[in-house]
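Open the model in your viewer and keep the selection tool ready.

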Amino acid sequence: MILANANVVDVVGGEVRWDSAIKIDGAGSITQIGNSTSVRSDAHEEVIDLAGRFLFPGLISCHTHLSVVFPFSQTDPLENPAVTAFRAAQRAREALLCGITTLRSVHEQNQVDFALRDAARGGWFEGPRIFGAGRALSRPEGHGQGSACSYAEEYEGFYQAALNELSDGADHLKIFITGGLARAGEKPESPEMSDDEIRGVVQAATEHDTYVVAHAGGSEAIQQALRLGVRSFEHGYVMDQETVDAMAAKDVFYSPTLCVTRSESWMRARGFEEASIQNCLAASERHLESAKLAIRTGLKMTNGTDYPPGDLVDGVPAALHELFLMHEAGLSTILSLQSITSTAAALLNQTNQLGQIREGFMGDFVAMEGNPLEDPQHLRDIDFVMQGGKTIVNI
Ligand SMILES: [Zn+2]
């Protein structure tokens, strides 16, 4: 497969490689990047002429729940896993069509992320490349209550629950260290797990050479989890400078998920309960301030939506809505682009495979007519998607 006539965007160097051609082998990897004379097609090799489009790495969404039910109160913890999988598969497919070639899920009912991931590997399903947590680990009365999580208590309970997700196929482990905004009366700042409970999960992750991602509303619990070795933090609705500095010192990743408190029209269309909507809106200013602190302090920012990343919010896929919100909050253009490509790949421990257009990397791309390095808004016009050398959306 050859992609011809492409202006290749280097999201790390912030440069464009003009008038390029890219060769992708049968296994879906990029084998050569050059120009129309140096990159030659073999007999019968397919060539796609991108007509001067900007070729950008496939998008990576880092905080997804494909199986979630809206409103949350309608979740049936005993749902047949096949039904869960159909719902999740539809959202996965929508995400891929928007250009999300890889996603990280951070709690799925019935571990359907594993099923979709394995079905895609088997060639029975076409969706984003999935890195999955399976079920999140939660205390029985914690934030995950009613969401079909894996419930545990104390060191041994959390350690065993974590080992169960890992042996079922988890790529990383997800915990809720504070309350959230989903239910009226919940407090996103309140810590929910003891030191020992977090320790149990971090221990299981370390033994399996992976990491822990935490739903984290406020400063106190974030500082606790930082001390105990959590590597990836989500939401950060209420963070102070001291906490953000501690996160920077540990070089952890942060997905602000600004979408959560800035998607009112979408929430109304999905039938969210009024109390949830008001919780989210009431938190939005403080949430934005926290994200701005993180941006100014230089935390490693990643793109996460919480909502299905391919769902349209105010006319754009949620993942792009999030990218634009982070950009408006002060994240530079290049770091905004990296939050959904190379920084996201680093979070997934895929720095040598995903998130950039380079020889040896996977052939995951989106393309559009305008240069996203000049204005990320050009990503609205994605009209070509390729995943592992396979055309998903053709021009
Ligand atoms: Zn979430």
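Which domains does the domain assignment of the protein chain give? Select 2–57 + 356–393 for domain 1, then 59–347 for domain 2. These bounds come from an automatic or database domain assignment.

A word on the model before going on. It is predicted, so local features need pLDDT of at least 70 and side-chain atom pairs count only at pLDDT 80 or more, while totals for chains, interfaces and linings use all residues. Residues are numbered from 1 along each chain as its sequence is written.

**Between the domains**

Taken over C-alpha atoms, the centres of domain 1 and domain 2 are 30 Å apart. Now show the contact: 17 residues come from domain 1 and 18 residues from domain 2. Two residues are in contact if their C-beta atoms, placed from the backbone, lie within 7 Å.

Select 384–387 and 390–393 next. These are strands S18 and S19, the elements that give two or more residues to the side of domain 1 that touches domain 2. Strands (E, at least two residues) and helices (H or I, at least four) are DSSP runs, numbered from the N terminus.

**A helix pair**

Move to H5 (residues 219–228) and H6 (residues 241–250). Their axes come within 10 Å and cross at roughly 20 degrees. Therefore H5 is roughly parallel to H6, a term for angles under 35 degrees. Axes are lines fitted to C-alpha atoms, for helices over the stretch in contact, and angles run from 0 to 180 degrees between N-to-C directions.

Finish with side chains on. Ser219, Ile222, Gln223 and Leu226 in H5 meet Thr243, Ala246, Met247 and Lys250 in H6.

Note on methods
Parallel < 35°, antiparallel > 145°, perpendicular 65-115°, else oblique.
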